[in-house]
Amino acid sequence: MPELPDVVVYLEALDRFVVGRELRKIRVVGISLLQSFDPPISEVEGRTVVGTRRLGKRLVLEMDGADELFLVIHLMVAGRLRWRDQPGAKPPGRIGLAAFDFDHGTLMLTEASKRKRASLWLVKGGDALAEDHDRGGAEPLEVNEAGFSKALTSRNQTLKRALCDPTVFSGIGNAYSDEILFHAGLSPVQRTGNLADGEIARLYQATRDTLDDWTERHRQAVGDGFPDKVTAFHDDMAVHGKFGQPCPVCGIPVQRIVYADNEVNYCPQCQTEGRVLADRSLSRLLKDDWPRSIEDLED
């Protein structure tokens, strides 16, 4: 699932490619994609994109006009945006969900998964946008350490769940939470209610450093182009997607917790004092505190 660094770089590309341009037509070909019906999606055709914003992992295109219309895109796990220089380009085969036609090219929305989860809304009014799509989590790169601590300890849950909970922090998901916890040297199953002040300070700094670092990496990779290779797995990540591979710090094989649809990656030497966390016992321990599905991470 594209997370804060990916979404930021997507929005920066959209600023370059479509802001200030007229959206001539929207072609929705994925039957599960469109989640709103009033106002009809055709209302934005012929309007100019005047701005972009991020709400958690959702991308927002602001359209011109006094009636405040916003296109909201949630890519979920496998949804991706692609740019084609050909106006009216045909959406690709099985994975094409929608095409946004501009005079200088086409913005494609695709999803390379049989389980179509990506969503598109047309929302009228800023109040409706906030009410329906702002989950309320603190912005991890904007909040100060005191605000971070308040959000983190607002309920007693595991660190992994707290970081991924959109009502606690905005824009962090499975991949970057693994990396954040590794760089903070903290166990994914440590409870937020049991953290010392020094541990919260480490987690705060690791969160900022990790998100800033990966945003800049993606930004440098994209340059002036459009992001074409958005993925949750990168060779330079320390633990995420690295099960069985040596930890870059201590060399101990990276371990994982598999629970329902989700996987957590961690280093037992650097994060759990040499303990390997057992899936079966954790399933009983965590119960409702562990997300059971990708949707749970969002909802």
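These questions and answers cover a predicted model.

Trainee: Which element gives the largest share of the largest nonpolar core?
Mentor: That core has 33 residues, with Leu14, Leu59, Leu71, Leu81, Phe100, Leu109 and Phe226 making the most contacts inside it. Elements giving two or more residues include strand S4 (58–63), strand S5 (69–74) and helix H1 (4–17). Six residues, the largest share, come from H1.

Trainee: How many residues are in the other core?
Mentor: Start with Leu59, which touches Val7, Leu11, Leu14, Leu71 and Leu81, among others. Another core lies apart from this one and includes Val143, Ala162, Ala184 and Leu186. Its count is 27 residues.

Trainee: How far apart are the end C-alpha atoms of helix H6?
Mentor: H6 covers residues 197–222, which is 26 residues. At 1.5 Å a residue, H6 should span 38 Å. The model agrees, because the end C-alpha atoms are 38 Å apart.

Trainee: What covers the buried residues of H6?
Mentor: The buried residues of H6 include Ile200, Leu203, Thr207, Leu211, Trp214 and His218. Residues three or four places apart in an α-helix point the same way, because there are 3.6 residues a turn. The cover over the buried residues of H6 includes H1, helix H3 (145–152), helix H4 (159–164) and helix H5 (174–184).

Trainee: Which residue follows H6?
Mentor: Its phi is positive, near 60 degrees. The residue is Gly223.

Trainee: Which residue of S11 is the bridge partner of Tyr259?
Mentor: Strand S11 (residues 262–266) is largely enclosed by the rest of the structure, because four of its five residues are buried. Strand S10 (residues 255–259) runs antiparallel to S11, joined by five bridges. The partner of Tyr259 is Asn262.

Notes. Residues are numbered from 1 along each chain as its sequence is written. This is a predicted model: local features need pLDDT of at least 70, side-chain atom pairs count only at pLDDT 80 or more; totals for chains, interfaces and linings use all residues. Side-chain values use heavy atoms; hydrogens and water are left out. A nonpolar core is a set of buried Ala, Val, Leu, Ile, Met, Phe, Trp, Tyr and Cys residues joined through side-chain atoms within 4.5 Å. Buried means under 20% relative accessible area, exposed over 50%, partly exposed in between (1.4 Å probe, protein chains only). Contact means heavy atoms within 4.5 Å. The expected span of a helix is 1.5 Å times one less than its number of residues. Two strands pair if DSSP finds at least two bridges between them.
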